[in-house]
Amino acid sequence: MSKRDVFEYALLRVVPRVERGECFNAGVLVYCRARSFVAARTYLDESKLKALDPHADVVGVRAALRAVEGVCGGGDDAGQAAGDDAGRRFRWLIAPRSTVVQPGAVHSGLTLDPAGEVDRLLDLLVR
């Protein structure tokens, strides 16, 4: 039997008009300390975005979601977080902010495949 590792995840939510508090899931962020793994996958449902705010900045929201993916990936796309380990990048991304793209609560589980969890959770909770 292979060893299952603890992982943490948070949903990424789009809140087009913060004052209204309406939101929808647009991505998932997964972290597994045992494997030094952090990744995000996003999917923007433009029709949901436009239903909540017909004047929403679709390009800006897409850029914010891609930025989260970039920070997870490290390297040049991570900006100032490029030198941080996976855990620091995850903790930075789940910190509450008053923006259109917001992290949800952190949940945990056990997995044999953290990368597979990213895709599984995206299909289950976002698409």
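Partly exposed means a relative accessible area between the buried limit, under 20%, and the exposed limit, over 50%. Arginine 20 has a relative accessible area of 47%, so this residue counts as partly exposed. The structure is a predicted model.

**Salt bridges**

The whole structure holds 11 salt bridges. Arginine 20 takes part in one of them, with glutamate 22 as its partner. The closest N and O atoms of that pair are 3.0 Å apart. Glutamate 22 is partly exposed too, because its relative accessible area is 28%.

Glutamate 19 pairs with arginine 17. Here the closest N and O atoms lie 3.1 Å apart. Glutamate 19 reaches 61% relative accessibility and therefore counts as exposed. Arginine 17 has 32%, so it is partly exposed.

A further salt bridge joins the side chains of arginine 41 and aspartate 119, at 3.6 Å from N to O. This pair links distant parts of the chain. Arginine 41 sits in strand β3 and aspartate 119 in helix α4 (residues 114-125), 78 residues apart. Both ends are partly exposed: arginine 41 has a relative accessible area of 32%, and aspartate 119 has 39%.

| Salt bridge | N to O distance |
|---|---|
| Glutamate 19 and arginine 17 | 3.1 Å |
| Arginine 20 and glutamate 22 | 3.0 Å |
| Arginine 41 and aspartate 119 | 3.6 Å |

Strand β2 covers residues 24-32. It is mostly covered, with eight of its nine residues buried. β2 pairs with two strands, β1 and β3.

Strand β1 (residues 5-14) runs antiparallel to β2, and seven bridges connect them. Arginine 13 has asparagine 25 in β2 as its bridge partner.

Strand β3 (residues 37-42) is also antiparallel to β2, joined by six bridges. Valine 28 stands opposite arginine 41 in β3. Arginine 41 is also the residue that forms the salt bridge with aspartate 119.

What do β2 and β3 form? They make a hairpin, with four residues between the strands. Serine 36 lies in the turn and has a positive phi of about 50°.

**Alanine 86**

Alanine 86 belongs to helix α3. Is alanine 86 buried or exposed? Its relative accessibility is 8%, so it counts as buried; the limit for buried is under 20%.

Beyond its neighbours within four places in sequence, alanine 86 contacts Tyr31, Ser36, Phe37 and Val38. Ser36 is the turn residue of the β2 and β3 hairpin. Alanine 86 is 84 residues from serine 2 in sequence. In space the two are 23 Å apart, C-alpha to C-alpha.

**The largest pocket**

The largest pocket holds about 200 Å³ of space. Helix α2 supplies the largest share, four residues.

The lining has 13 residues. Nearest the centre of the pocket are Val68, Trp92, Leu93, Arg97 and Val101. How many residues of the lining are nonpolar, polar and charged? The lining divides into 10 nonpolar, two polar and one charged.

Key
Residues numbered from 1 in each chain as written. Predicted model: local features only at pLDDT ≥ 70, side-chain atom pairs only at ≥ 80, totals over all residues. Heavy atoms only, no water. 1 Å grid on protein atoms, 1.4 Å probe; cavity = no way out; pocket = protein on both sides within 12 Å on 5 of 7 lines; lining within 4 Å. Points joined across faces, edges and corners; volume = space filled by probe spheres on them. Nonpolar A, V, L, I, M, F, W, Y, C, P; charged D, E, K, R; others polar. Buried < 20%, exposed > 50% of the residue type's maximum accessible area, 1.4 Å probe, protein only. Contact = heavy atoms within 4.5 Å. Pairing = 2+ DSSP bridges. Salt bridge = Lys/Arg side-chain N within 4 Å of Asp/Glu carboxyl O.
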